[in-house]
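Thanks for coming. I will talk briefly about charged side chains, in pairs and in a patch. Please have a look at the structure before I go on.

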Amino acid sequence: MATVELRFSALPEHVRTARLVAAAVARRAGVDEAVLDEVRLAVGEACSRAVGLHESHDIAAPVRVLLIEDEKKFSIEVGDGVTGDSGTARAADEAEGVAESDAEGEDEMGLAVISGLVDDVEVTAGKDGGLIRMTWPTTTAAVLP
């Protein structure tokens, strides 16, 4: 299992870099070429969401992105630093049927887009912040340069 870790300041201009890195690592991991646009878009949504949460909660910590290559799957984890009863914690509750407020409508739209792009999505919240884990199957064994 190979893992690439990316951390970036919670600034919108860094989201594009995260998208490009994710697509490059996904390609190397063996994700089908036809799915790479979905990977890019989903990572962009997840990272933009994390940046927005960091900005709205005045969190100085960087956004965390893990790109995990397993034998038959490729996963991306985007973590935010929002703990407690906000951000991803509320999104995880809403995924379980807890009602949302109007203030989180935009946040929910981002999660809806991600869910539409990725078949295997998991949204969790914990003491270290929220996490969106997205997983895609790989079609070939990774080829190292």
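A salt bridge here is a side-chain nitrogen of Lys or Arg within 4 Å of a carboxyl oxygen of Asp or Glu. Bear in mind that this is a predicted model. By that rule, the count comes to six salt bridges, and I will go through some of them.

Take Arg27 and Glu33. Their side chains form a salt bridge, with 2.9 Å from N to O.

Glu5 is partly exposed, with a relative accessible area of 47%. Arg7 is at 49%, so Arg7 also counts as partly exposed.

Now Glu77 and Arg133. The N to O distance in this salt bridge is 2.2 Å. Glu77 sits in strand β3, residues 73-79, and Arg133 in strand β5, residues 129-137, so the pair ties together parts that are 56 residues apart in sequence. Are these two residues buried or exposed? Both Glu77 and Arg133 are buried, and buried means under 20% relative accessible area.

Which residues gather in a patch of negative charge on the surface? They are Glu38, Asp119, Asp120 and Glu122. Of these, Glu38 belongs to helix α2, which covers residues 36-56. Glu38 counts as partly exposed because its relative accessibility is 32%. Patch residues need over 30% relative accessible area and no salt bridge.

Note on methods:
Residues are numbered from 1 along each chain as its sequence is written. This is a predicted model: local features need pLDDT of at least 70, side-chain atom pairs count only at pLDDT 80 or more; totals for chains, interfaces and linings use all residues. Side-chain values use heavy atoms; hydrogens and water are left out. Patches are made of residues with over 30% relative accessible area and no salt bridge: like charges are joined within 9 Å, nonpolar side chains (Val, Leu, Ile, Met, Phe, Trp, Tyr) within 5 Å. Accessible areas come from the Shrake-Rupley method with a 1.4 Å probe; for residues, only the protein chains shown count as cover. Lys and Arg count as positive and Asp and Glu as negative; His and the chain ends are not counted. The place of a charge is taken as NZ of Lys, CZ of Arg, CG of Asp or CD of Glu. Helices (H or I, at least four residues) and strands (E, at least two) are DSSP runs, numbered from the N terminus. Buried means under 20% relative accessible area, exposed over 50%, partly exposed in between (1.4 Å probe, protein chains only).
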